[in-house]
Amino acid sequence: MIPKVFWRVALTTVVVGLIGCGVEQGLRSGNDSQDFQPGNISGADLPDRTLSLTFDDGPTAATLPIARFLETRGIAATFYVLGNVAASQTTTLQKLQKMGHLVANHTWTHVGLDTPGNLSPYEEVARSDRLISPYVPGANFLFRAPYGAFPAHLADHFNRSGLSKYVGPIHWNIGGSMENGFAADWACWQSYGLSIDECARRYLAEVRYRRRGIVLMHDNHAETEHLTKRLIPWLIAEGYRFVRNDQVPGIAAKLRAGGASPGAGVRPPFNPVQFGCPAGSTGGVSRANGHYLCKSGDNAVGPFSPAMRTACVNRGGGNVTCDTDRWGWDFALKIFNDVH
Ligand SMILES: [Zn+2]
(Lines give C-alpha, C1' and ligand atoms only; values in the text may rest on other atoms or scores of the structure.)
Protein backbone atom coordinates (compact mmCIF):
# COMPACT_ATOMS: atom_id res chain seq x y z
CA MET A 1 0.00 0.00 0.00
CA ILE A 2 2.81 2.41 0.75
CA PRO A 3 4.36 2.86 -2.70
CA LYS A 4 1.11 4.49 -3.83
CA VAL A 5 1.56 7.09 -1.14
CA PHE A 6 4.27 9.02 -2.93
CA TRP A 7 2.24 10.16 -5.90
CA ARG A 8 -0.90 10.33 -3.81
CA VAL A 9 0.69 12.81 -1.46
CA ALA A 10 2.05 14.81 -4.36
CA LEU A 11 -1.37 14.89 -6.00
CA THR A 12 -3.13 15.68 -2.72
CA THR A 13 -0.81 18.57 -2.05
CA VAL A 14 -1.85 20.14 -5.34
CA VAL A 15 -5.54 19.46 -4.79
CA VAL A 16 -5.50 20.82 -1.24
CA GLY A 17 -3.70 23.89 -2.47
CA LEU A 18 -6.43 24.48 -5.03
CA ILE A 19 -9.37 23.91 -2.73
CA GLY A 20 -7.82 25.31 0.44
CA CYS A 21 -10.01 28.43 0.46
CA GLY A 22 -13.15 26.35 0.18
CA VAL A 23 -12.11 24.22 3.14
CA GLU A 24 -11.56 27.26 5.33
CA GLN A 25 -14.92 28.74 4.35
CA GLY A 26 -16.55 25.45 5.19
CA LEU A 27 -15.14 25.61 8.70
CA ARG A 28 -16.33 29.15 9.32
CA SER A 29 -19.79 29.23 7.88
CA GLY A 30 -22.65 27.17 6.57
CA ASN A 31 -23.62 23.90 8.16
CA ASP A 32 -21.86 23.57 11.56
CA SER A 33 -23.19 20.13 12.42
CA GLN A 34 -20.98 17.14 13.08
CA ASP A 35 -20.52 15.48 9.72
CA PHE A 36 -18.30 14.73 6.77
CA GLN A 37 -17.04 17.69 4.79
CA PRO A 38 -16.46 17.72 1.03
CA GLY A 39 -12.81 18.80 1.53
CA ASN A 40 -9.98 17.88 3.88
CA ILE A 41 -9.77 19.69 7.24
CA SER A 42 -6.29 20.77 8.42
CA GLY A 43 -4.89 22.21 11.66
CA ALA A 44 -4.02 25.66 10.37
CA ASP A 45 -6.36 27.24 12.94
CA LEU A 46 -4.39 25.99 15.96
CA PRO A 47 -2.86 28.62 18.23
CA ASP A 48 0.79 29.54 17.74
CA ARG A 49 3.26 26.84 18.90
CA THR A 50 0.54 24.21 19.16
CA LEU A 51 0.73 20.83 17.45
CA SER A 52 -1.57 17.85 17.10
CA LEU A 53 0.28 14.56 16.56
CA THR A 54 -1.25 11.85 14.39
CA PHE A 55 -0.06 8.31 13.72
CA ASP A 56 -1.56 6.39 10.78
CA ASP A 57 -1.80 2.83 9.46
CA GLY A 58 -1.35 0.93 12.74
CA PRO A 59 -1.60 -0.62 15.14
CA THR A 60 1.74 -2.43 15.02
CA ALA A 61 4.46 -3.33 17.53
CA ALA A 62 5.54 0.33 17.50
CA THR A 63 2.14 1.70 18.52
CA LEU A 64 2.17 1.13 22.28
CA PRO A 65 5.82 2.18 22.78
CA ILE A 66 5.00 5.46 21.01
CA ALA A 67 1.80 5.84 23.03
CA ARG A 68 3.54 5.19 26.34
CA PHE A 69 6.40 7.55 25.52
CA LEU A 70 3.92 10.33 24.80
CA GLU A 71 1.87 9.51 27.91
CA THR A 72 4.88 10.00 30.18
CA ARG A 73 5.22 13.49 28.76
CA GLY A 74 1.56 14.36 29.19
CA ILE A 75 0.93 14.30 25.44
CA ALA A 76 -2.26 12.85 23.97
CA ALA A 77 -2.10 11.92 20.27
CA THR A 78 -4.52 10.62 17.65
CA PHE A 79 -4.08 7.17 16.10
CA TYR A 80 -5.81 6.62 12.74
CA VAL A 81 -6.02 2.83 12.75
CA LEU A 82 -6.84 0.37 9.99
CA GLY A 83 -9.79 -1.84 10.87
CA ASN A 84 -8.46 -5.03 9.33
CA VAL A 85 -5.21 -4.62 11.25
CA ALA A 86 -6.79 -3.52 14.52
CA ALA A 87 -9.45 -6.25 14.54
CA SER A 88 -7.06 -8.70 16.22
CA GLN A 89 -5.63 -6.02 18.54
CA THR A 90 -8.58 -4.54 20.36
CA THR A 91 -6.52 -4.70 23.56
CA THR A 92 -4.19 -2.16 21.98
CA LEU A 93 -7.16 0.08 21.17
CA GLN A 94 -8.28 -0.23 24.79
CA LYS A 95 -4.81 0.69 26.06
CA LEU A 96 -4.62 3.70 23.74
CA GLN A 97 -7.94 4.91 25.12
CA LYS A 98 -6.86 4.38 28.73
CA MET A 99 -3.71 6.41 28.12
CA GLY A 100 -5.84 9.31 26.89
CA HIS A 101 -5.04 8.96 23.19
CA LEU A 102 -7.76 9.13 20.56
CA VAL A 103 -8.51 6.12 18.33
CA ALA A 104 -9.78 7.24 14.93
CA ASN A 105 -11.01 5.73 11.65
CA HIS A 106 -8.65 5.28 8.67
CA THR A 107 -10.87 2.79 6.75
CA TRP A 108 -10.82 -1.00 6.92
CA THR A 109 -8.20 -1.86 4.23
CA HIS A 110 -6.49 1.47 3.39
CA VAL A 111 -7.90 1.51 -0.12
CA GLY A 112 -8.00 4.90 -1.82
CA LEU A 113 -11.67 5.94 -1.72
CA ASP A 114 -11.38 7.25 -5.28
CA THR A 115 -10.45 3.81 -6.63
CA PRO A 116 -12.50 0.59 -6.76
CA GLY A 117 -11.91 -1.86 -3.93
CA ASN A 118 -13.39 -5.08 -2.62
CA LEU A 119 -15.53 -3.12 -0.18
CA SER A 120 -17.64 -0.10 -1.01
CA PRO A 121 -16.38 3.22 0.38
CA TYR A 122 -19.24 3.10 2.87
CA GLU A 123 -18.25 -0.39 4.09
CA GLU A 124 -14.61 0.69 4.36
CA VAL A 125 -15.62 3.32 6.91
CA ALA A 126 -18.61 1.59 8.54
CA ARG A 127 -16.80 -1.67 9.23
CA SER A 128 -13.98 0.18 10.99
CA ASP A 129 -16.55 2.25 12.82
CA ARG A 130 -18.16 -0.85 14.30
CA LEU A 131 -14.74 -2.01 15.50
CA ILE A 132 -13.41 1.21 17.04
CA SER A 133 -16.60 2.76 18.43
CA PRO A 134 -16.25 1.22 21.91
CA TYR A 135 -12.80 2.83 22.24
CA VAL A 136 -13.70 6.38 21.22
CA PRO A 137 -14.37 8.55 24.30
CA GLY A 138 -16.97 11.31 24.25
CA ALA A 139 -18.26 10.41 20.76
CA ASN A 140 -15.24 12.15 19.20
CA PHE A 141 -15.44 10.27 15.91
CA LEU A 142 -12.81 11.39 13.44
CA PHE A 143 -11.99 10.08 9.97
CA ARG A 144 -8.91 10.39 7.79
CA ALA A 145 -8.95 9.23 4.17
CA PRO A 146 -6.07 6.99 3.00
CA TYR A 147 -3.67 9.03 0.83
CA GLY A 148 -5.82 12.07 1.69
CA ALA A 149 -8.05 11.08 -1.24
CA PHE A 150 -11.70 11.89 -0.57
CA PRO A 151 -14.06 12.45 -3.53
CA ALA A 152 -16.41 15.30 -2.59
CA HIS A 153 -19.58 13.35 -3.36
CA LEU A 154 -18.80 10.87 -0.58
CA ALA A 155 -19.47 13.47 2.11
CA ASP A 156 -23.16 13.63 1.26
CA HIS A 157 -23.35 9.88 0.76
CA PHE A 158 -21.75 9.10 4.14
CA ASN A 159 -23.83 11.69 5.99
CA ARG A 160 -27.04 10.20 4.61
CA SER A 161 -25.91 6.63 5.34
CA GLY A 162 -25.61 6.84 9.10
CA LEU A 163 -21.99 8.00 9.34
CA SER A 164 -22.77 11.65 10.05
CA LYS A 165 -21.41 11.23 13.59
CA TYR A 166 -17.95 11.52 11.97
CA VAL A 167 -16.03 14.71 11.40
CA GLY A 168 -13.63 14.46 8.52
CA PRO A 169 -11.76 13.91 6.41
CA ILE A 170 -8.98 15.19 8.65
CA HIS A 171 -5.82 16.15 6.77
CA TRP A 172 -2.41 17.33 8.03
CA ASN A 173 -0.18 20.30 7.36
CA ILE A 174 3.15 19.04 8.72
CA GLY A 175 4.91 15.81 7.74
CA GLY A 176 3.42 15.29 4.31
CA SER A 177 6.33 16.02 1.98
CA MET A 178 10.11 15.85 1.57
CA GLU A 179 10.12 19.19 -0.28
CA ASN A 180 11.80 22.33 1.07
CA GLY A 181 14.03 20.31 3.38
CA PHE A 182 11.01 18.98 5.28
CA ALA A 183 10.11 15.33 5.81
CA ALA A 184 7.47 12.60 5.58
CA ASP A 185 8.47 9.73 7.86
CA TRP A 186 7.66 6.87 5.48
CA ALA A 187 9.71 8.55 2.72
CA CYS A 188 12.62 9.12 5.12
CA TRP A 189 12.86 5.36 5.61
CA GLN A 190 11.64 3.94 2.31
CA SER A 191 12.75 6.37 -0.37
CA TYR A 192 15.58 8.48 1.04
CA GLY A 193 17.31 6.14 3.52
CA LEU A 194 17.67 8.97 6.02
CA SER A 195 18.88 8.50 9.58
CA ILE A 196 16.47 8.98 12.50
CA ASP A 197 18.34 12.15 13.37
CA GLU A 198 18.15 13.65 9.89
CA CYS A 199 14.46 12.87 9.52
CA ALA A 200 13.73 14.36 12.95
CA ARG A 201 15.67 17.52 12.05
CA ARG A 202 13.57 17.88 8.90
CA TYR A 203 10.34 17.55 10.91
CA LEU A 204 11.68 20.16 13.34
CA ALA A 205 12.44 22.47 10.41
CA GLU A 206 8.84 22.26 9.17
CA VAL A 207 7.40 22.75 12.66
CA ARG A 208 9.56 25.86 13.11
CA TYR A 209 8.39 27.13 9.72
CA ARG A 210 4.64 26.56 10.22
CA ARG A 211 4.55 26.98 14.03
CA ARG A 212 1.19 25.13 14.31
CA GLY A 213 -0.63 22.24 12.75
CA ILE A 214 -1.53 18.60 12.50
CA VAL A 215 1.61 16.45 12.24
CA LEU A 216 1.49 13.29 10.11
CA MET A 217 3.50 10.21 11.08
CA HIS A 218 3.01 6.46 10.61
CA ASP A 219 3.23 3.93 13.43
CA ASN A 220 3.47 1.05 10.95
CA HIS A 221 7.19 1.87 10.65
CA ALA A 222 9.50 0.82 13.50
CA GLU A 223 11.77 3.81 12.74
CA THR A 224 8.95 6.21 13.53
CA GLU A 225 9.03 5.16 17.19
CA HIS A 226 12.63 6.39 17.33
CA LEU A 227 11.77 9.48 15.31
CA THR A 228 9.11 10.35 17.88
CA LYS A 229 11.48 9.85 20.78
CA ARG A 230 14.07 12.09 19.12
CA LEU A 231 11.75 14.85 17.96
CA ILE A 232 9.34 15.37 20.85
CA PRO A 233 11.92 16.45 23.48
CA TRP A 234 13.19 19.08 21.00
CA LEU A 235 9.67 20.39 20.52
CA ILE A 236 8.97 20.46 24.26
CA ALA A 237 12.23 22.37 24.80
CA GLU A 238 11.09 24.94 22.21
CA GLY A 239 7.83 25.50 24.08
CA TYR A 240 5.41 23.63 21.83
CA ARG A 241 2.12 22.42 23.33
CA PHE A 242 0.17 19.41 22.13
CA VAL A 243 -3.54 18.69 21.70
CA ARG A 244 -5.48 15.78 20.28
CA ASN A 245 -7.11 16.11 16.86
CA ASP A 246 -10.55 16.54 18.45
CA GLN A 247 -9.18 19.61 20.26
CA VAL A 248 -8.15 21.42 17.07
CA PRO A 249 -10.52 24.45 17.10
CA GLY A 250 -12.29 23.90 13.77
CA ILE A 251 -12.68 20.17 14.44
CA ALA A 252 -13.76 20.67 18.07
CA ALA A 253 -16.48 23.12 16.96
CA LYS A 254 -17.87 20.55 14.53
CA LEU A 255 -17.81 17.82 17.16
CA ARG A 256 -19.45 19.99 19.79
CA ALA A 257 -22.21 20.99 17.37
CA GLY A 258 -22.92 17.28 16.90
CA GLY A 259 -23.15 16.64 20.63
CA ALA A 260 -19.66 15.18 21.18
CA SER A 261 -17.25 16.15 23.97
CA PRO A 262 -13.90 17.22 22.48
CA GLY A 263 -11.01 16.34 24.75
CA ALA A 264 -12.94 13.64 26.62
CA GLY A 265 -10.58 11.15 28.23
CA VAL A 266 -7.45 13.29 27.86
CA ARG A 267 -5.35 12.66 30.95
CA PRO A 268 -4.04 15.64 32.85
CA PRO A 269 -0.25 15.83 33.02
CA PHE A 270 1.24 13.75 35.80
CA ASN A 271 0.66 15.50 39.12
CA PRO A 272 3.47 15.01 41.67
CA VAL A 273 1.30 16.19 44.57
CA GLN A 274 -1.38 13.64 43.80
CA PHE A 275 1.33 11.07 43.38
CA GLY A 276 2.43 11.54 46.99
CA CYS A 277 5.63 13.47 46.49
CA PRO A 278 6.67 15.06 49.81
CA ALA A 279 6.45 18.78 50.47
CA GLY A 280 9.48 20.68 49.26
CA SER A 281 10.26 18.17 46.55
CA THR A 282 9.38 18.46 42.93
CA GLY A 283 7.94 15.84 40.69
CA GLY A 284 8.62 15.20 37.10
CA VAL A 285 9.67 12.89 34.39
CA SER A 286 13.10 11.32 34.61
CA ARG A 287 15.34 12.55 31.84
CA ALA A 288 17.11 9.22 31.97
CA ASN A 289 14.23 6.89 31.28
CA GLY A 290 11.03 8.91 31.00
CA HIS A 291 9.52 7.49 34.20
CA TYR A 292 7.69 9.56 36.78
CA LEU A 293 9.47 10.34 40.03
CA CYS A 294 9.52 12.58 43.08
CA LYS A 295 12.82 14.36 43.40
CA SER A 296 14.76 16.77 45.53
CA GLY A 297 17.69 18.14 43.59
CA ASP A 298 19.15 15.14 41.83
CA ASN A 299 17.78 12.66 44.37
CA ALA A 300 14.56 10.72 44.15
CA VAL A 301 12.74 11.04 47.49
CA GLY A 302 9.79 9.64 49.53
CA PRO A 303 7.83 9.08 51.64
CA PHE A 304 5.80 6.51 49.83
CA SER A 305 3.01 4.16 50.75
CA PRO A 306 3.88 0.50 51.44
CA ALA A 307 2.55 -0.38 48.02
CA MET A 308 4.70 2.27 46.44
CA ARG A 309 7.79 1.08 48.30
CA THR A 310 7.20 -2.42 47.05
CA ALA A 311 6.53 -1.36 43.51
CA CYS A 312 9.04 1.41 43.13
CA VAL A 313 11.69 1.60 45.85
CA ASN A 314 12.44 -2.08 45.84
CA ARG A 315 13.00 -2.14 42.13
CA GLY A 316 16.68 -2.02 42.98
CA GLY A 317 19.59 0.08 44.11
CA GLY A 318 17.43 2.58 46.00
CA ASN A 319 16.25 3.78 42.61
CA VAL A 320 13.00 5.41 43.63
CA THR A 321 11.32 5.67 40.28
CA CYS A 322 7.87 4.42 39.54
CA ASP A 323 7.71 2.86 36.13
CA THR A 324 4.30 3.76 34.74
CA ASP A 325 5.15 1.86 31.58
CA ARG A 326 5.13 -1.19 33.77
CA TRP A 327 2.63 -0.31 36.47
CA GLY A 328 0.22 1.88 34.58
CA TRP A 329 -1.74 4.93 35.52
CA ASP A 330 -4.34 2.96 37.44
CA PHE A 331 -1.64 1.65 39.73
CA ALA A 332 -0.36 5.16 40.30
CA LEU A 333 -3.86 6.23 41.30
CA LYS A 334 -4.09 3.26 43.64
CA ILE A 335 -0.88 4.40 45.31
CA PHE A 336 -2.35 7.89 45.57
CA ASN A 337 -5.39 6.42 47.31
CA ASP A 338 -3.17 4.41 49.68
CA VAL A 339 -1.24 7.51 50.69
CA HIS A 340 -4.30 9.66 51.23
ZN1 LIG B 1 -2.65 5.80 5.72
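Helices (DSSP runs of H or I, at least four residues) and strands (runs of E, at least two) are numbered from the N terminus, and on this basis the protein has twelve helices and ten strands. The structure is a predicted model, in which local features need pLDDT of at least 70 and side-chain atom pairs count only at pLDDT 80 or more, whereas totals for chains, interfaces and linings use all residues. Residues are numbered from 1 along each chain as its sequence is written.

Burial was assigned from C-beta atoms placed from the backbone, a residue being buried if 20 or more other C-beta atoms lie within 10 Å of its own, exposed if 12 or fewer, and partly exposed in between. By this criterion, 43% of the 340 residues in the protein are buried. Contacts were assigned to pairs of residues whose C-beta atoms, placed from the backbone, lie within 7 Å; of the contacts between residues at least 6 apart in sequence, 74% join residues at least 24 apart.

In soluble globular proteins, nonpolar side chains tend to be buried together. A nonpolar core is taken here as a set of buried Ala, Val, Leu, Ile, Met, Phe, Trp, Tyr and Cys residues joined through C-beta atoms within 7 Å. The largest such core has 72 residues, and those with the most contacts inside it are F79, V81, V103, I132 and V215. When residues up to four places away in sequence are not counted, V215 touches L51, S52, L53, T54, W172, I174 and G175.

Two packed helices are described by the angle between their axes and the distance between the axes. With axes defined as lines fitted to C-alpha atoms, for helices over the stretch in contact, and angles running from 0 to 180 degrees between N-to-C directions, helix α2 (residues 63-72) and helix α9 (residues 222-237) pack at an angle of about 10°, their axes lying 9 Å apart. Helix α2 is therefore roughly parallel to α9, a description that applies to angles under 35 degrees, those over 145 being roughly antiparallel, 65 to 115 roughly perpendicular and the rest oblique. In this contact, P65, I66 and F69 of α2 meet E225, T228 and K229 of α9. The buried residues of α9 are T224, E225, L227, T228, L231, I232 and L235, and their cover includes β2 (50-56), α2, α7 (185-190), α8 (196-210) and β6 (212-218). Helix α9 is followed by G239, which has a positive phi near 85°.

The loop between β2 and α2 contains A62, which counts as buried because it has 20 C-beta neighbours inside 10 Å. The C-alpha atoms of A62 and A222 are separated by 5.6 Å, although these residues are 160 residues apart along the chain. Excluding residues up to four places away in sequence, A62 touches D219, A222, T224 and E225. P59 is also found in the loop between β2 and α2, and the peptide bond from G58 to P59 is cis, with omega near 5°.

A cis peptide bond also joins G168 and P169, with omega about -5°; P169 is found in strand β5 (residues 168-170). Positive phi values in residues other than glycine include that of Y147, near 60°, and that of N180, near 60°. Y147 is found in the loop between α5 (121-132) and α6 (153-160) and counts as buried, with 21 C-beta neighbours inside 10 Å. N180, in the loop between β5 and α7, has 10 such neighbours and therefore counts as exposed.

Conventions:
Contact = placed C-beta atoms within 7 Å.
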